[in-house]
Amino acid sequence: MAATTPPKVLFEHEGVFIHSSPDESEGQDLISGFLRIIDKDGETLVEYKPLEDADPSNILCACKDSSSVVEWTQSSEENPHRPIDHQLSYETEWDMINAVSFRRKVHAHGDGGSNHTNDRNRWAFSFNVCDLRSITVKCEGWSYITFHLKDGTALPAIHFHQGGSTAFLDSLRKSKFKKDPYTTTLGGFSKVTNYLFDAFRAPELECHQRPAEEVADLLGELIPGLEINQQEEPGFEVITRVSLDLGPRPEVQRRGPVTMEEWAKYQDSEGRITNVPHLKDLILKGGLCHALRREAWKFLLCYFPWNSTHEERKLLQKRKTDEYFRMKLQWKSVSEEQERRNSRLRDYRSLIEKDVNRTDRNNKFYEGLDNPGLILLHDILMTYCMYDFDLGYVQGMSDLLSPILFVMENEVDAFWCFVSFMDEVHENFEEQMQGMKTQLIQLSTLLRLLDLAFWNYLEAQDSGYLYFCFRWLLIRFKRELHFQDVLRLWEVMWTRLPCQNFHLLVCCAILDSEKQKIMDRKYGFNEILKHINELSMKLDIEEILSKSEAICMQIKNCKDLPHSVSEILGLNTVTEPSAALETSEYGILESPQTSPRSTHRQDHVVSNGHSHLKETTHNGCKVAFIS
């Protein structure tokens with residue numbers, strides 16, 4: 001008996017997802033898997049298999065004690081078609097160097113499901129391309145593809161959250177499939193070609209009677225440079241929903257910062273802030289004068305309720321002061337002997353001391369030896385470990401606290417404002433870093449909507465995952481801007497106007513300003529990473545904010561906006577009416593007394609001065625940050 005020729009992998013891509021429920025309003029799992037095109041015994045097959053551990057949170061696992069930020073990429077073993085450049089870091093503290101790969105167990109064709117649970121295995125599928133009737137490609141933020149077989153079977157849609165759909169379709173074309181020349185050729189073009197597609201495809205009788213050469217000639221005249229595949233035998237068709245026309249981008253004018261006199265006009269006789277939506281609009285348009293920040297940030301960060309009186313705020317501060325120092329006493333009262341038996345507390349303290357000594361040391365507030373600012377920075381971060389011991393301290397958090405302490409110049413006020421900010425970015429620092437992964441997917445969705453050509457260029461350079469934006473998102477541009485510009489950006493973002501996730505549009509605005517240079521100079525993966533890193537301290541914050549707001553307005557003016565984009569930016573959100581809610585000119589509902597994360601987690605218990613700490617299990621795969 002002749003030996004069976006092993007299957008040849010023509011194409012492979014990981015990070016392809018199936019949504020367990022087609023209804024986005026329902027809770028659903030993302031089934032992560034890999035998509036392949038293989039040649040087996042002369043037959044070309046397409047197959048999808050869920051990963052052995054397919055939860056998307058397992059794409060990246062993070063621990064708090066690693067010394068570098070790593071690139072999330074496939075290793076060369078797993079994907080021989082994608083070489084990896086083991087390049088030294090341009091900025092060793094933050095750059096992303098290949099060290100972590102997607103984790104899966106590779107199975108030979110035919111036995112891939114043996115180690116999967118039944119629930120995961122039911123999502124696997126495989127078919128011969130000869131049985132393929134059509135492919136529906138939809139681009140709504142990210143691309144997702146549905147295969148339709150000739151027997152009427154519609155397989156579950158596969159979602160390319162992390163790019164790769166273009167490469168997959170290109171691979172189909174390069175695999176010598178027998179394609180329908182009319183539709184396959186037009187797969188990636190604009191509404192004009194869709195119109196032409198309809199003209200040449202319908203009715204069916206006309207389509208079959210029209211010679212392929214005639215179609216090619218007509219299209220060649222209408223769309224110069226368009227190459228037409230003139231194969232005569234029809235195979236499968238690719239039906240593509242193309243990107244939207246967003247229309248012109250409006251001009252946005254900035255104003256000066258809100259002054260002390262203007263702020264006073266928005267307070268009643270008892271100190272309540274009135275007309276909050278209009279006041280937030282002013283802050284969005286111009287920020288705050290520095291003398292006002294110490295008071296206004298407490299409202300923007302939900303430490304003070306907007307409708308509280310002077311007296312109510314005094315009582316709140318007293319209560320919060322007592323609460324803070326009770327927590328501070330917990331770690332202050334731990335003896336050296338106790339700490340020797342508490343490795344997590346030792347690790348937190350060591351990491352905090354290391355980071356504090358190198359945080360913003362060129363700022364007068366923190367410069368010099370034995371600076372009181374450094375002592376406060378240390379004490380607040382240690383106390384936060386008592387407040388949220390499950391999270392504790394992760395490198396990068398000192399960058400978020402530093403500007404807040406600089407503005408507040410008060411230990412207690414800075415702590416509670418920091419708590420509120422951490423409520424908003426908490427998931428960025430959690431073990432699985434789900435917040436970072438979600439934001440990178442959302443950013444990719446927005447960038448693809450705004451400029452598909454640039455997004456495709458980045459994907460072609462292995463940069464479609466946008467990992468070069470990692471530092472931007474993690475610490476909200478803290479290391480990209482001058483210190484005073486960070487203050488301006490953060491107070492604008494804390495208005496939560498003109499949309500939710502406005503910081504993602506800030507990323508889009510920066511990339512929009514740099515895209516031409518990146519493409520004209522034909523930057524590859526390494527050059528893109530280097531170029532983005534070198535933007536640090538060279539960005540104009542006012543220009544960025546103007547462009548970010550203009551992009552938001554452009555998106556809002558777009559008809560038939562993809563649902564995924566509306567969800568990311570919080571547009572057209574249906575909210576139950578309430579007297580506690582106020583609306584601004586941007587149509588965003590505001591709850592004046594609600595923090596971004598409504599519940600604070602305090603899982604430690606104190607008894608007779610001793611801290612009883614909850615332990616968590618850590619995964620072996622590491623990602624961390626070093627400043």
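This is a predicted model: local features need pLDDT of at least 70, side-chain atom pairs count only at pLDDT 80 or more; totals for chains, interfaces and linings use all residues.
Q: Is K320 buried or exposed?
A: The cut-off for buried is under 20% relative accessible area. K320 counts as buried because its relative accessibility is 17%.

Q: How many of the residues in the protein chain are buried, and what is the overall make-up of the chain?
A: Of the 627 residues in the protein chain, 55% are buried. The secondary structure comes to 23 helices and 14 strands. Among contacts with a separation of 6 or more, 74% are between residues 24 or more positions apart. The chain exposes about 28,500 Å², of which carbon and sulfur atoms supply 50%.

Q: Which residues have the most contacts inside the largest nonpolar core?
A: In soluble globular proteins, nonpolar side chains tend to be buried together. Here the largest nonpolar core has 127 residues, and those with the most contacts inside it are I404, F429 and I555. Helix α15 supplies the largest share of this core, eleven residues. Taking I404 as a case, and leaving aside its neighbours within four places in sequence, one finds it in contact with W297, L301, A414, C417, F418, F421 and W494. A second, separate core has 25 residues, including V46, V137, L155 and L169.

Q: How many salt bridges does the structure hold, and which side chains meet in one of them?
A: The general idea is to look for a side-chain nitrogen of Lys or Arg within 4 Å of a carboxyl oxygen of Asp or Glu. The structure holds 30 salt bridges. In one of them the side chains of R272 and E270 meet, at 2.5 Å from N to O. R272 is partly exposed, at 30% relative accessibility, and E270 is also partly exposed, with a relative accessible area of 41%.

Q: Which parts of the chain does the salt bridge between E409 and R294 tie together?
A: The closest N and O atoms of E409 and R294 are 2.4 Å apart in their salt bridge. E409 lies in the loop between α14 (397–408) and α15 (411–429), while R294 lies in helix α9 (residues 290–300), so the pair ties together parts that are 115 residues apart in sequence. Both partners fall in the partly exposed class, E409 with a relative accessible area of 47% and R294 with one of 40%.

Q: Are K478 and D399 buried or exposed?
A: K478 forms a salt bridge with D399, with the closest N and O atoms 3.3 Å apart. This pair links distant parts of the chain, since K478 is in the loop between α18 (470–474) and α19 (483–493) and D399 is in helix α14, 79 residues apart. Both K478 and D399 are buried. Elsewhere, salt bridges that share partners join R249, D451, D512, K515 and K547 into one network.

Q: How does strand β1 pair with strand β2?
A: Strand β1 (residues 8–19) and strand β2 (residues 30–40) pair in the antiparallel sense over ten bridges. Within this pairing, the bridge partner of V16 is G33 in β2. Strand β1 is mostly covered, with nine of its twelve residues buried.

Q: What length does helix α16 reach, and what length is expected?
A: Helix α16 (residues 434–450) has 17 residues and reaches 24 Å from its first C-alpha to its last, which is close to the 24 Å expected at 1.5 Å a residue. Helix α16 is mostly covered, with 14 of its 17 residues buried.

Q: Which peptide bond is cis, and which residues have a positive phi?
A: Most residues other than glycine have a negative phi, and most peptide bonds are trans. The peptide bond from L497 to P498 is cis, with omega near 0°, and P498 has its place in the loop between α19 and α20 (502–520). R476, although not a glycine, has a positive phi of about 50°; R476 lies in the loop between α18 and α19 and counts as buried at 4% relative accessibility. D560, also not a glycine, has a positive phi of about 55°; D560 lies in the loop between α22 (541–556) and α23 (563–569) and is exposed, with a relative accessible area of 63%.

Methods
Residues are numbered from 1 along each chain as its sequence is written. Side-chain values use heavy atoms; hydrogens and water are left out. Buried means under 20% relative accessible area, exposed over 50%, partly exposed in between (1.4 Å probe, protein chains only). Helices (H or I, at least four residues) and strands (E, at least two) are DSSP runs, numbered from the N terminus. A nonpolar core is a set of buried Ala, Val, Leu, Ile, Met, Phe, Trp, Tyr and Cys residues joined through side-chain atoms within 4.5 Å. Contact means heavy atoms within 4.5 Å. Accessible areas come from the Shrake-Rupley method with a 1.4 Å probe; for residues, only the protein chains shown count as cover. Two strands pair if DSSP finds at least two bridges between them. The expected span of a helix is 1.5 Å times one less than its number of residues.
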